[in-house]
Every structure is written in C-alpha cells, then in structure tokens.
Amino acid sequence: MTNSIAELAVAALKWEANFTPKPGLVDAVSNGAHQDMDVTLFRRSATSLSSYFESIVQVSSGATLDRSLRTKIGALGRQAEATMYQTTNGVNTHKGAIWALGLLVSSLAITPDAALADILTGAAVLACLPDEKLVAPKKSYGEQAQQKYGLGGAKAEAQQAFPHIAPLLQWPLNSQDDWLRVLLQLYATVDDTNIVHRADLATLRHFQKQAQQIIADEQPVLANSRLRELDRFTLKMNISPGGSADLFAAIRFLTWINTYREEHESSWKNYISHLKPQNLSATLSM
C-alpha cells in the first residue's frame, strides 16, 4: 500500500468505482442509472485528481484551520472540478468527492496522527468557514433540496462532521458482505439529494426503506433477492445515490489511513516528517 495521503485518496475513489455491486451506481459490471458514465471514466477521473489532493496536502501541512486555508482549498477545489470536467468531457463524476475528500485530506495533513474522529471534526471546522473567493455560485442540488424539502446535502454533512461516516468506522469491515452492509446503511440513512434531484422525496424514502430491509435481514447481502429488487428499482426510477458513493469512498480512505498508521508506523512517521508547505500562490488565483 502506498504511504502518500494523496495516493490513498485517489485509490479510495478507484476502489469505490470498482466495488461491485452498487445498485444505481456505476460499478465494474454495470453503469447503473447512468448513460454517460462507466467505470473506465471514473478511473480516469480519479487519476486526474491526484495533483489536487497533493496540493491540498501541501497547503494544509503546517497550517491552521482558518479562513485563509479554507479559501486556498476552495480555489484548489474549483481547479479540480475544471480538471475533472476536462477529463470526462463535461461529465460530473467526482464533484462531491472533491468536496468531501478534499476536506478530510486537509484535516489529516494538518494533524496526521489525529484520531479519525478528530479528523472528521477538523474537516467540519473547515466546511463551516467561508470561502472568501467564491463568487455567488449556482445553488447545488443539496442546497436546492434543503430549500425545498429541508434536506442538508453534502455541505451540511461536512459541516456536521460527517455524521453518516463516523458510526460506520466502528463497523466490522473484513469482507465484501461487511462493505455491502456499510453501503446499504448509507443508502438507508443518507438523504441523498442526487435521488431527490432525479426524482422526488417520496422516491428517496422508498429507496431508503428498501435498503433498510436488506440490512435487517441476517442472510448474506448477495444472497438476498431484495438487493436485485433494489437494483431494478434504481433503474426503473433512473436514480443514482451519488452522495452515498462519495461517503463510501471517504470511509475507505479513512480506514486505509488508520490501517497504514497502525501497521507501518515508522514509514508513516517518515512520510509526515517530510510534509512541508509549498508556495502555491500562483495556482490559487481562481
């Protein structure tokens, strides 16, 4: 396993893309509810974000959780989105992951030996700070859903220290069935604004109920016929739980970080000892 924070972030995105099955989402054998995406596109998109995560590490190492850092991260995030769209010919593959993983990578780079709970808290502090160079953006799906239905979206998830991630970091994660249950728990509990945008609130609630029914059954997830019913439902309704996918990748990233720190302590300490802020002012004008 690599010992680079940025490389682990990219690897987590590729892992999420490859993880199969994921009802409604692109995976290794299905395009889910998407006509414009496939797993190859997601892998290319993830690779294109490597320099973004490296830059996040560079500006965050030795920094403090303040407005200046938040503004730098915002500028890097907008550049990353532009890179993503250029790589994918205009398809939004990882906009939510740029936000969520960018915050987590920054928090980790500031305090690389912190407990995972503290990394989540640091990310929340950043998410609550204003991006002083952001020019009145078009409202995101999450903000539209919050206004119409009272749902939080990706911004609120980060500002609240990722409440859907924190408890799942304590779940057993040793098998494909374990990870499927984590994914389904996200499906069942995240008010995924991607689904609301593509359909409506009632469809989201039905989707969540179906996922919860699978989790409640003790039989292996892959053996459960309800999983195939859930997949058919996502295709019929043309819904994709993209918000859950972003959090799924974030969980993989954080668990890899924890494992590496525990199993390769000397390598990790050597890596973080060489983290030094670099002057990125020329790249932060956006």
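Helices here are DSSP runs of H or I with at least four residues, strands are runs of E with at least two, and both are numbered from the N terminus. With that in hand, find S240 in the loop between α12 (225-237) and α13 (242-263). Before going further, note that this is a predicted model, where local features need pLDDT of at least 70, side-chain atom pairs count only at pLDDT 80 or more, and totals for chains, interfaces and linings use all residues. Residues are numbered from 1 along each chain as its sequence is written, and side-chain values use heavy atoms, with hydrogens and water left out.

Back to S240. Is S240 buried or exposed? With a relative accessible area of 4%, S240 is buried (under 20%, against over 50% for exposed and partly exposed in between, using a 1.4 Å probe and protein chains only). Leaving aside residues up to four places away in sequence, S240 touches (heavy atoms within 4.5 Å) a set of residues including L25, D192 and R198.

Now for the aromatics. The whole structure holds 9 aromatic pairs, meaning rings of Phe, Tyr and Trp (its six-membered ring) with centres within 6.5 Å; planes under 30 degrees apart are stacked, over 60 edge-to-face, and the rest tilted. Take W15 and F19: the ring centres are 5.3 Å apart and the planes sit at 50 degrees, so this pair is tilted. W15 is buried at 18% relative accessibility, and F19 is buried at 9%. W15 also pairs edge-to-face with W179, at 4.8 Å centre to centre and 65 degrees between the planes. This pair links distant parts of the chain, since W15 lies in α1 (residues 5-18) and W179 in α9, 164 residues apart. Ring pairs join W15, F19, W179 and F248 into a cluster.

Follow α9 (residues 176-189) onward and you meet α11 (residues 201-216), packed at about 145 degrees with the axes 7 Å apart. Axes are lines fitted to C-alpha atoms, for helices over the stretch in contact, and angles run from 0 to 180 degrees between N-to-C directions. Among the residues in this contact are L184 and Y187 in α9, and F207 and I214 in α11.
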